[in-house]
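Trainee: I would like to learn how to read the features of a model one at a time, beginning with a pair of side chains. Could we go through them together?

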Amino acid sequence: MINPDPSQRNIRLRRGAPASALGTGLYVHVPFCMRKCLYCDFNSYAASSDQISAYVEALLAEIRLYAGLNEFQNVAFTTLFIGGGTPTLLPVSDLERIIRVASSLSVQPPEEISIEANPGTVSPDSLQALRRMGINRLSLGVQSFDGRLLQVLGRVHTADEAVAAVDWARRAGFANINLDLMFALPGQSLQQWQATLAAALDLQPEHISCYSLIIEEGTPFGQMYDKGLLPLPGEDLEAEMFEYAVRQLKAAGYEHYEISNFARPGYRCKHNQIYWRCAPYLGLGCGAHSYWGGERRANAAKPAEYRRLALQGRLPIVERQVLTKDEQMDESMMLGLRMLEGVSAKGFRRRFGLQLTDVYGPQIQRLQASGLVHWDSDRLSLTPRGVLLGNQVFAAFLRG
Ligand code: SF4
């Protein structure tokens with residue numbers, strides 16, 4: 001847990017890691033994809049194999065820079081998450097080097113090592129190699145089991161390839177698999193969403209994430225939307241799709257533990273919980289963000305700028321923001337409330353030395369009156385209506 005007292009924070013930094021009972025995360029960003037999906041505004045690019053190997057060298061250089069810093073001599077990272085982009089576009093030998101060097105930043109092996117993968121970029125052999133190098137959680141970007149909708153999204157894979165990827169992953173020994181699904185897609189009916197969920201459940205993954213499509217400016221979908229060319233389901237149908245997913249997944253034994261995330265007991269994503277609980281994490285790679293010692297940091301987003309800095313022997317950080325205590329409290333509310341268990345009043349008091357109701361009394365009263373939150377004097381959490389209208393709730397905790 002990050003100590004809100006700045007002087008204590010400095011002492012911690014001199015000694016080493018900001019120890020956290022909530023875990024400490026390490027994130028590695030791989031910004032490459034076979035081609036850009038039509039809705040995507042993530043920091044990802046189609047790239048040549050030369051660009052990919054140059055990036056890997058920069059990434060290894062960045063990790064070594066951290067390894068040489070005093071404050072990273074004694075850090076126990078509990079999770080390592082390799083995300084993107086499509087990390088499985090990298091040659092297996094490069095992934096192996098990244099994991100080996102990244103793991104050397106930690107005084108003990110991370111409990112959870114996840115990799116994001118897209119169907120169509122894995123094979124039985126590559127999955128076996130990933131498993132052998134210690135990766136114990138596979139997150140597959142399936143999005144839909146409807147072939148036509150996959151084409152609409154500009155995805156590079158088919159539904160059959162997604163099914164095959166899960167089968168190969170099981171044979172390779174992956175006992176913790178997440179499937180990412182998307183709903184509220186252009187032209188998608190409730191029945192089509194139901195069919196995708198049923199196909200996902202047939203594969204018996206340990207974890208399922210369900211995200212509604214967000215139209216981002218500057219993407220092909222954003223342009224089509226502006227021209228009125230994207231037949232999106234209305235808000236009511238989108239809510240119906242989400243509520244259907246919650247019902248079905250709960251009935252199938254999944255815990256709804258975060259707005260968009262469902263897990264079989266014991267399979268919640270440890271790494272993402274570090275973000276939602278505002279525990280410390282270090283992000284490596286272009287555009288990666290960190291939360292370290294009470295400071296938010298961002299790396300250079302463009303791979304070329306990132307490479308230049310890292311290969312010059314400079315940490316590629318281009319933004320730093322020390323959070324005030326008020327900002328830390330607001331963030332802990334906005335992120336903590338994403339989890340269905342909500343925010344513990346006792347935990348808040350322990351962390352910030354203040355009563356939750358002294359800081360946010362009016363907000364809690366107002367949100368309670370609107371039926372968006374449940375407050376039992378020990379815990380503040382979203383109601384089912386609050387889950388649907390989460391953004392309204394989070395906005396209420398953004399002061400200043
Ligand atoms: S695979 Fe993921 S990161 Fe890559 S372009 Fe598609 S949505 Fe974006």
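Trainee: In which helix do R100 and E96 lie, and how many residues apart are they?

Mentor: Keep in mind that this is a predicted model. Both R100 and E96 belong to helix α3 (residues 92-103), where they are 4 residues apart, about one turn of the helix. R100 forms a salt bridge with E96, and the closest N and O atoms are 3.6 Å apart, which falls inside the cut-off of 4 Å used for a salt bridge. The structure holds 15 salt bridges.

Trainee: What is the mean pLDDT of the protein, and over which residues is the pLDDT below 50?

Mentor: The mean pLDDT is 93, and 95% of the residues reach 70 or more. Over residues 1-18, however, the pLDDT is below 50, although this stretch has 39 contacts in the model beyond near neighbours in sequence. Where pLDDT is low, the predicted coordinates should not be read in detail.

Trainee: Turning to helix packing, at roughly what angle do the axes of α12 and α14 cross?

Mentor: The axes of helix α12 (residues 325-336) and helix α14 (residues 356-369) cross at roughly 65 degrees and come within 12 Å, and the crossing is right-handed. On the α12 side the contact is made by D326, M329, D330 and M333, while α14 contributes L356, V359 and Y360. By class, the residues of this contact comprise 5 nonpolar and 2 charged, with no polar ones.

Trainee: For a sheet, which strands stand at the edges, and why is one side of each left without a neighbour?

Mentor: Begin with the strand order, which in this open sheet of 3 strands is β13-β15-β14, with antiparallel pairing. The edges are taken by β13 (343-344) and β14 (373-375), and each has a single partner strand, so one side of each is left without a neighbour in the sheet. Between β14 and strand β15 (residues 379-382), which run antiparallel, there are 3 bridges, and W375 stands opposite L380 in β15. As a general idea for such elements, the side chains in a regular strand alternate between the two faces of the sheet.

Trainee: And in the hairpin of β10 and β11, how many residues are there between the strands, and which residue takes a positive phi?

Mentor: There are 2 residues between the strands of that hairpin, and G293 takes a positive phi near 60 degrees. Strand β10 (residues 289-292) pairs with strand β11 (residues 295-299) in the antiparallel sense over 4 bridges, and W292 has E295 in β11 as its bridge partner.

How values were computed: Residues numbered from 1 in each chain as written. Predicted model: local features only at pLDDT ≥ 70, side-chain atom pairs only at ≥ 80, totals over all residues. Heavy atoms only, no water. Axes fitted to C-alpha atoms, helices over the stretch in contact; angles between N-to-C directions. Left-handed = near helix turned anticlockwise from the far one by under 90°. Contact = heavy atoms within 4.5 Å. Nonpolar A, V, L, I, M, F, W, Y, C, P; charged D, E, K, R; others polar. Pairing = 2+ DSSP bridges. pLDDT = per-residue confidence, 0-100. Salt bridge = Lys/Arg side-chain N within 4 Å of Asp/Glu carboxyl O.
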